[in-house]
Amino acid sequence: MAEPARAGDVAVEMAGIAKSFGDVHALDDVTFRVAPGEVHGLLGENGAGKTTLMNVLTGLYLADRGDVALHGQHVDLRTPSDAVGHGVGMVHQHFELVQAFSALENILLGAVTATWSMDTASHRERIADLADHYGFTVDLDTRVADMEVGDQQKVEILRILYAGADILVLDEPTTHLTPAEVDHLFASVRELAAEGLAVVLIAHKLHEVFAVCDRVTVLRHGRLAGSLDVAAAAHADVVAMMMGDDATMVEARAKTCDIGEDEVLSLRGVTATGGAVDVHLHDLDLQVHRGEFVGIAGVAGNGQRELMELLAGLRPITTGRMHASGVDVTHARVDERIRAGVAVLPGDRMREGVLPASPLYETYALGRHLLHDHFSPHDLQDQARDMIARFDVRTSGPTAPTASLSGGNIQKVLVARALDVSEHAGGGAMVVMNPTSGLDVGAAAFVHDQLVRTCEAGGGVLLISEDLDELLALCDRVVVLSHGRLAGQQVAGDYDRLVLGDLMVAAHG
Amino acid sequence: MLGLVVALVVNALLLAALGANPVTAYSTILSAALGSVAGLAQTLNRTTPLLLGASAVAFAMRAGYVNLGIDGQIYAGAILATGVAFLLDGWPAVVLLPVVLLAGLVGGGLLASIPAWLRATRGINELFVTVMLNFVALFLAEYLATGPWTDPVAGEAITVPISAAADLPRLLPGGGHAGILLALPVAVGLSLWLARTRSGFEFRAAGSNPLAAGFGGVRLVRIGVVALVVAGALGGLAGAIEVTGVHSRLLTGLTPNFGYMAVLIAVLARRSPVATIPVAFAFAVLIVGADSLQRSVGLPPSAVLLFQAVVVVSILAFETARGRRLVARLVQATRRSPGRRRAGGVA
């Protein structure tokens, strides 16, 4: 366990770190310093280099240049086990737990090496003490697969602490937690810091940094934007650092079209309570009109994914009606909804969007293959060739394996595919979820342009996004989804981030 | 291909260690399987069930389903084919033979509809069900061959012969039947269907990434049922061909593990039905030729099995290495994906 903090001691000192992947400079001359007993926020947009920097610290990546020192000693972290040996532990966004093992077994798995037998009872006692001490109470005998996400996270943290870590890295730990669980986690994190551990919190929510951190370091495009004491900083200071001088807010896009009367998509009193899911959807009333751009805002895990699946036709509607361009599609299958012009662009493009090993033209054809009576692979290849030229997709051709394309180019293909479905219905509904996550600025702008054009062409867009900037820049109105219900909305011109933020985090009454 | 070279070299060493001249042995295999019309007839007879089974397995694999039940489906098809042949005894060949072959398709399809139904309604993995049903079908065949349909003179698990009108026409002297003329178009047709048709595309999409296929409007449950039942029906057809082409009756021992070899062939052919044609033929050559090694070179039967196993293992080892590289590439591609994984994931 951690030794008491000494004044002036530095737990982590990373200096001049550089790391490139091919032509992309993920990190360039980054300096990062964390004291023992400190909770240090690491902020930055998607792709700013936060996770890469921490992967260097945890031995997953070898830096091209730069120096890492832990507790004043230069260290050579070539493998994750080197880092573990030096007391560095990381809780990833996706937990690295064996689902079929109990909490206790998972904790012992990394921390204890035993050849023939081990004294489980004494380990159990010490782990229970550790858990009590920091407020990570979990049932050690429950299988991880049967645990809530919040409890799985506790197990993961306990595992790392029990392995002897005194430098703890948490990668966006609140993403999947309820507000109450977040409070609990933050209390435990403060407790860990009070014991002298150095805690790094990778975050992308400002208020979390202000809630729990002592210091904050901001990265922008792989470079250090600055470090601040949180107590002495204002929100605006940190935002300014994140945005930089070239304040690259998402550019607001003026549409050149009016909102029509016809509904391209409508939910009336829709409830979906079937299946084993995190969030049930209740009493959804939502209309998207011709030419209208509607946004769904909310903290991840409040039913966004369920809503997308419901609109696609993958999640049955329990009560209420759903219409697409006037046609009742309440109980329609996915293929029937595609023919009715409901084009869904799923949030996880690699898992839900593409056929990775198949040629590009087949990924492009998926869903579109239902639109025409005639089916011909030859035509599909020609269409893909046209699309590649039209949207400037960087690939060797329609027969290139889909997985060989970059994320941005894959997203172009998926957007093109959804556009075709929507246009085929003479202006249908586009449902898009987090369409620009992980994309560079150019690719994101392309996606935004296409969505706006869909509206202008007489379709309607429903944008489900965790990026409030994106929503406010593009949408005619923004509806907040919270705990599976629509909690309220604001219309363009009257946007107030604070009000929307309140709606997003308001406890469901 | 490298796998095949390694297999041949290892086997040459093996043969030498057993005191046989590898060159003589290899030439014996080739001349026994291909060197005479009778040998070729035997080889094609062996190719037929292997080809039907392997193209059926490959077909189902393309949709993401693994049918380990070809052996059971062969028996089920053989049972129904034999039963129908008994029932329609006296009908002219021109009607009887097609009906009997059709009965084989239905028998295999019926047996495969059990795993298909369990998979579709309860999500029970078809691997286990298809394997278990192999035993059910085998023992049902044994019951019929020793009980109601038994040939009392034979004194073993064998039925009385079916009407000669139900026999497959001969293609070659030496017992070569026309079954291969059914199997070849099946393999080619399946590949064409997969490559050229809308349903074939949906089939492959479901096998490649079911989640994305579901978002693309592909009806996954229906595809699972079609994949398993069609594969089962083709297994059943192989059974009917064995009855009408080779034995003229039902017996246990109808399939010396054709089903498992079919899986191997399908994997080696990279799940392409049409590519199973050369692979199934090569396996048939190996089986027929290796059998003759026992007689001519005087190898013990176990050495022949060893010989076949070496070929399978070495080719599979190289295929797996390829597969790993593919997986590694896909993982890399997924890592590039920024879409956040759901914590906890799917247990």
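User: What angle and what distance between axes describe the packing of helix H1 and helix H2 of chain B?

Analyst: In this predicted model, helix H1 (residues 2-17) and helix H2 (residues 22-34) of chain B pack at about 120 degrees with their axes 9 Å apart. The axes are lines fitted to C-alpha atoms over the stretch in contact, and angles run from 0 to 180 degrees between N-to-C directions. Helices (H or I, at least four residues) and strands (E, at least two) are DSSP runs, numbered from the N terminus.

User: How are residues and chains labelled, and what do the values rest on?

Analyst: Residues are numbered from 1 along each chain as its sequence is written, while chains are lettered from A and ligands numbered from 1 in the order in which they are written. Local features need pLDDT of at least 70 and side-chain atom pairs pLDDT 80 or more, totals for chains, interfaces and linings use all residues, and side-chain values use heavy atoms, without hydrogens and water.

User: Which residues make H1(B) and H2(B) meet, and what kinds of residue are they?

Analyst: On the H1(B) side they are Ala7(B), Leu8(B), Asn11(B), Ala12(B), Leu15(B) and Ala16(B), and on the H2(B) side Pro22(B), Ala25(B) and Tyr26(B). The residues of this contact (heavy atoms within 4.5 Å) comprise eight nonpolar, one polar and no charged. In this count Ala, Val, Leu, Ile, Met, Phe, Trp, Tyr, Cys and Pro are nonpolar, Asp, Glu, Lys and Arg are charged, and the others, Gly among them, are polar.

User: Why is the span of helix H12 of chain B said to agree with expectation?

Analyst: The 21 residues of H12(B), residues 276-296, should span 30 Å, and the end C-alpha atoms are 29 Å apart, so the values agree. After H12(B) comes Gly298(B), with a positive phi near 75 degrees.

User: Why is Gly3(B) called buried?

Analyst: Buried means under 20% relative accessible area, exposed over 50%, and partly exposed in between (1.4 Å probe, protein chains only). Gly3(B) has 2%, so it is buried. Gly3(B) is found in helix H1 of chain B, where the buried residues also include Ala7(B), Asn11(B), Ala12(B) and Leu15(B). Apart from neighbours within four places in sequence, Gly3(B) is in contact with Ser314(B), Ile315(B) and Phe318(B).

User: What makes Glu362(A) count as buried or exposed?

Analyst: Its relative accessibility is 7%, so Glu362(A) counts as buried. Glu362(A) sits in helix H12 of chain A. Not counting residues up to four places away in sequence, Glu362(A) touches Leu355(A), Phe201(B) and Arg204(B).

User: Why does His369(A) count as buried?

Analyst: His369(A) has a relative accessibility of 3%, and therefore counts as buried. His369(A) is in the loop between H12 and helix H13 (377-390) of chain A. Residues up to four places away in sequence aside, His369(A) touches Phe375(A), Arg198(B), Phe201(B), Glu202(B), Gly216(B) and Val218(B).

User: What about Ser358(A): buried or exposed?

Analyst: Its 11% relative accessibility makes Ser358(A) buried. Ser358(A) is in the loop between helix H11 (349-353) and helix H12 (360-365) of chain A. Leaving aside neighbours within four places in sequence, Ser358(A) is in contact with Ala400(A), Pro401(A), Thr402(A) and Ser208(B).

User: What is noted about the phi of His71(A), and how accessible is His71(A)?

Analyst: His71(A) is not a glycine, yet its phi is positive, about 50 degrees. Most residues other than glycine have a negative phi. With a relative accessible area of 31%, His71(A) is partly exposed. His71(A) lies in the loop between strand E4 (65-70) and strand E5 (73-75) of chain A.

User: Where does Ser248(B) lie, and what is its phi?

Analyst: Ser248(B) is in the loop between helix H10 (220-247) and helix H11 (258-268) of chain B. Its phi is near 60 degrees, a positive value in a residue other than glycine.

User: What domains is chain A divided into?

Analyst: Chain A is divided into domain 1 (12-243) and domain 2 (263-506), with bounds from an automatic or database domain assignment. The C-alpha centres of domain 1 and domain 2 of chain A lie 33 Å apart.

Terms used. The expected span of a helix is 1.5 Å times one less than its number of residues.
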